[in-house]
Amino acid sequence: MPIEVDEARRLDEIADATIQVARERGVRSVTIRAVAGQLGGSTAMVTNYVSSRAALMTNAMRRAEADWGREMARALEGVEGEERLRAAVRWMCTTERDDEVLRRLMMEIASAGPGAGAEVEKARRATSRRNHEELGALAGEGGLGGGELSGDVLHLLLRGYWLSTLEDQESWTAERGERAILAVVDLLRGSAG
């Protein structure tokens, strides 16, 4: 009789193992075989749930985004208006635990191109659009003019900041990123009035 496996739990285990492989050996080392080895099982243990290397990384990002959503909700709890936007920017500029590894996975997914598969492409696009919409909503709540344009600017700035932290981590500290992005928030607020 086959063993019953909770699919959501197994996907989370695969995500954790993917992040562990990326943390210990680098993003380029993330393969189905490496993740299966981290889990102590066969490749079938992984391929029953994710079909490709790109899907492994997308699954890890799915898990990270759920965690980030809960963390951001805590950071914004009880905060309103412009201070809510500023708190979100401060939170998005932090680098804790596996954020660097996850940013590297995000960049690897972004560079995978159309050959990565329809599921990965859909997830990649949905993640980017969700982030953009959240920033637009926060900009609107913060009283910034042109909520959509402000969301565009903040989305591009934060994505660029995350890439910059990978290129030159010592120079692009959380404080420097936060200062630059909040200066743009102030400029956008000034143009609204």
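This is a predicted model: local features need pLDDT of at least 70, side-chain atom pairs count only at pLDDT 80 or more; totals for chains, interfaces and linings use all residues.
**Group meeting talk: a chain of helices**

The chain you see above has nine helices and zero strands, where helices (H or I, at least four residues) and strands (E, at least two) are DSSP runs, numbered from the N terminus. Residues are numbered from 1 along each chain as its sequence is written, and side-chain values use heavy atoms, with hydrogens and water left out.

Let me begin with the overall picture. Taken along the principal axes, the C-alpha atoms fill a box of roughly 65 × 35 × 30 Å. Of the 193 residues, 39% count as buried, meaning under 20% relative accessible area with a 1.4 Å probe, protein chains only.

What, then, lies in the largest nonpolar core? A nonpolar core is a set of buried Ala, Val, Leu, Ile, Met, Phe, Trp, Tyr and Cys residues joined through side-chain atoms within 4.5 Å, and the largest one here has 50 residues, with V30, V35, V46, L56, L105 and L154 having the most contacts inside it. Among the elements that give two or more residues to this core are α1 (7–25), α5 (81–92) and α8 (147–167), but α4 gives the most, with ten residues. If we follow L154, and do not count residues up to four places away in sequence, we find that L154 touches L85, L135, A139, L144, I181 and V185, contact being heavy atoms within 4.5 Å.

V35 brings us to α2, where I32, A34, V35 and A36 are buried. What covers these buried residues includes α1, α3 (43–47) and α4. Just after α2, G40 takes a positive phi of about 80 degrees.

Finally, how do helix α4 and helix α7 cross? The axes of α4 (residues 53–76) and α7 (residues 118–141) come within 10 Å and cross at roughly 15 degrees, axes being lines fitted to C-alpha atoms over the stretch in contact, with angles from 0 to 180 degrees between N-to-C directions. The two helices are therefore roughly parallel to each other, a term for angles under 35 degrees. On the α4 side the contact is made by A54, A55, T58, E65, M72 and L76, and on the α7 side by V120, A123, T127, R130 and L138.

Methods
Angles under 35 degrees count as roughly parallel, over 145 as roughly antiparallel, 65 to 115 as roughly perpendicular and the rest as oblique.
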